[in-house]
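Work through these exercises with the model open beside you. Try each task before you read its solution.

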Amino acid sequence: MNYTKGNIIYWSLLEYENWNFYMATTSKGLCYVGSHDGPFKELKDWTERRFPGFELLENHGALQPFKGEWLEYFQGKREWFTFAVNIQGTAFQQEVWEALQQIPYGETYTYSQLADMIHKPSAVRAVGAAVGANPVLIAVPCHRVIGKTGALTGYRGGLEMKKYLLELEKENGSSTNV
């Protein structure tokens, strides 16, 4: 089946053990991963803000390739995702989200380090806001950003999920190369 129809966002629910996430894709790539156990309304509201005029359609087949890589990640078999992402944001947000994707698996950076990465060391608060606006949890690994004291800071998926993801990556280290 061809999933390239314009102005359509296909969505599905990813279920893994006790984790449930709404995921969505456009014809250009994964565009959204919701909070753990987040309501469908979160996806709907986000779509209306970021992709006005797009229709949301449930389609499990369109999300299957993404789900497969996600499940491998949760099972500790995958460190990197190979699929395209299609995330909408300001030029600054895009720059921060690109930098997030450069943080190695199993490592953490502070907001200050992230600001330095994009050559804007005085924009730490703005970097934090952009990290918080990331629409594609895990694949754009905002969970790898921590406070300057090493404390776990806000995460749209919740601090319990952030801690889980960091521990998962620490345990699996560089044992996989998928």
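**Exercise 1.** Decide whether arginine 144 is buried or exposed.

*Solution.* Arginine 144 has a relative accessible area of 2%. Buried means under 20%, exposed over 50%, and partly exposed in between, with a 1.4 Å probe and protein chains only. Arginine 144 is therefore buried. This is a predicted model, where local features need pLDDT of at least 70, side-chain atom pairs count only at pLDDT 80 or more, and totals for chains, interfaces and linings use all residues. Residues are numbered from 1 along each chain as its sequence is written, and side-chain values use heavy atoms, with hydrogens and water left out.

Arginine 144 sits in the loop between H5 and strand S6 (145-146). Helices (H or I, at least four residues) and strands (E, at least two) are DSSP runs, numbered from the N terminus.

Then list partners. Contact means heavy atoms within 4.5 Å.

**Exercise 2.** Find which residues line the largest pocket.

*Solution.* Start with the term. On a 1 Å grid over the protein atoms alone, a cavity is a set of points where a 1.4 Å probe fits but cannot get out; a pocket is an open set with protein on both sides within 12 Å along at least five of seven lines, and lining residues have an atom within 4 Å of a point. The lining is Tyr73, Glu79, Trp80, Phe81, Phe83, Val85, Gln101, Ile138, Ala139, Pro141 and Arg144. Now sort by class: eight are nonpolar, one is polar and two are charged. Ala, Val, Leu, Ile, Met, Phe, Trp, Tyr, Cys and Pro count as nonpolar, Asp, Glu, Lys and Arg as charged, and the others, Gly among them, as polar.

**Exercise 3.** Where does phenylalanine 81 lie, and which residues does phenylalanine 81 contact?

*Solution.* Phenylalanine 81 is in the loop between H2 and H3. Its relative accessible area is 19%, so it is buried. Leaving aside neighbours within four places in sequence, phenylalanine 81 contacts Glu69, Trp70, Tyr73, Ile138 and Ala139. Check one partner. Phenylalanine 81 and alanine 139 are 58 residues apart along the chain, yet their C-alpha atoms are separated by 6.4 Å.

**Exercise 4.** Describe the largest nonpolar core.

*Solution.* A nonpolar core is a set of buried Ala, Val, Leu, Ile, Met, Phe, Trp, Tyr and Cys residues joined through side-chain atoms within 4.5 Å. The largest one has 43 residues. Leu30, Trp70, Phe74, Leu100, Leu114 and Ile138 have the most contacts inside it. Elements that each supply at least two residues include strand S1 (8-16), helix H2 (60-74) and helix H6 (159-172). H2 gives the most, with six residues.

**Exercise 5.** Which residues of helix H1 (residues 40-50) are buried?

*Solution.* They are Leu43, Trp46 and Thr47. Look down the axis of H1: these buried residues fall within an arc of 100 degrees, so they line one face of the helix. The arc is that of the directions from the helix axis to the C-beta atoms. Exposed Lys41 and Arg49 are on the other side of H1. The cover over the buried residues of H1 includes S1, S2, S3 and strand S4 (55-58).
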